[in-house]
Amino acid sequence: MHGLILRTFQVFVQDTYGPEAWLDISGRANLEIVDFEAMLIYPPETYDAVITASEDVMHKPRDVFLEDVGTYLVSHPNSEGLRRLLRFGGVDYIDFMHSLDDLPDRARLVVADLNLPSLEMHDDGQNQYRLLVGPGLPGFGYVMVGVLRAIADDYGALVLLDSRAETAAEVQVVEISLFETAFAEGREFDLAGRTPLRGGAG
């Protein structure tokens, strides 16, 4: 299991619930270390141990916990780099959804040995979409639900999301109903990453 994924869970818990919550989770998961290194590889069973311990400590089912992680990845100030990577996908929410097929490849451009599950977006017409999340990282579809929900808020789009598992093919399906692309004012985003000038032009 790639350390960057495990490190993401760690910083999510620490930023959201505090360092004591993470110490509780690491203890319940019987981790030999407290802090994950983002560039190391850990035994595959570490992932499930962390998720199971997080369910117990947070008193949340894993689908809710994983969705919260996805929301954190877009909305928390500490994740601005990932938000920018996602927003490069398009000028509106529809463009963003169609860019998700390329997300695993874009992630590998940043971290060469990070293998995310495949993503395949289907346009079913009448503003109905399906995101097929391939195997390899159990529950990653729920993370994508959180990402999709937070990015919708980012763009100001109004969407309804639902997720189900196709267990025979080990594929998760995220169903997306897009009601309006400009329902509300989105969050400020500068493609060039410039800091807005304050106090006049000078």
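Why is strand β4 largely enclosed by the rest of the structure?

Modeller: This is a predicted model, in which local features need pLDDT of at least 70, side-chain atom pairs count only at pLDDT 80 or more, and totals for chains, interfaces and linings use all residues. Residues are numbered from 1 along each chain as its sequence is written, and side-chain values use heavy atoms, with hydrogens and water left out.

Now the strand. β4 covers residues 171-180, and seven of its 10 residues are buried, so the strand is largely enclosed by the rest of the structure. Buried means under 20% relative accessible area, with a 1.4 Å probe and protein chains only. Strands here are DSSP runs (E, at least two residues), numbered from the N terminus.

Next, the partner. β4 runs antiparallel to β2, and six bridges join them. Two strands count as paired if DSSP finds at least two bridges between them.

β2 leads on to β1. Strand β2 spans residues 128-133 and strand β1 spans residues 119-125. Their pairing is antiparallel, over six bridges. Here His122 has Arg130 of β2 as its bridge partner. β1 and β2 form a hairpin with two residues between the strands. In that hairpin, Gln126 takes a positive phi near 55 degrees.

To recap, β2 pairs with β1 and is also joined to β4.

How values were computed: Helix = DSSP H or I, 4+ residues; strand = E, 2+ residues; numbered from the N terminus. Buried < 20%, exposed > 50% of the residue type's maximum accessible area, 1.4 Å probe, protein only.
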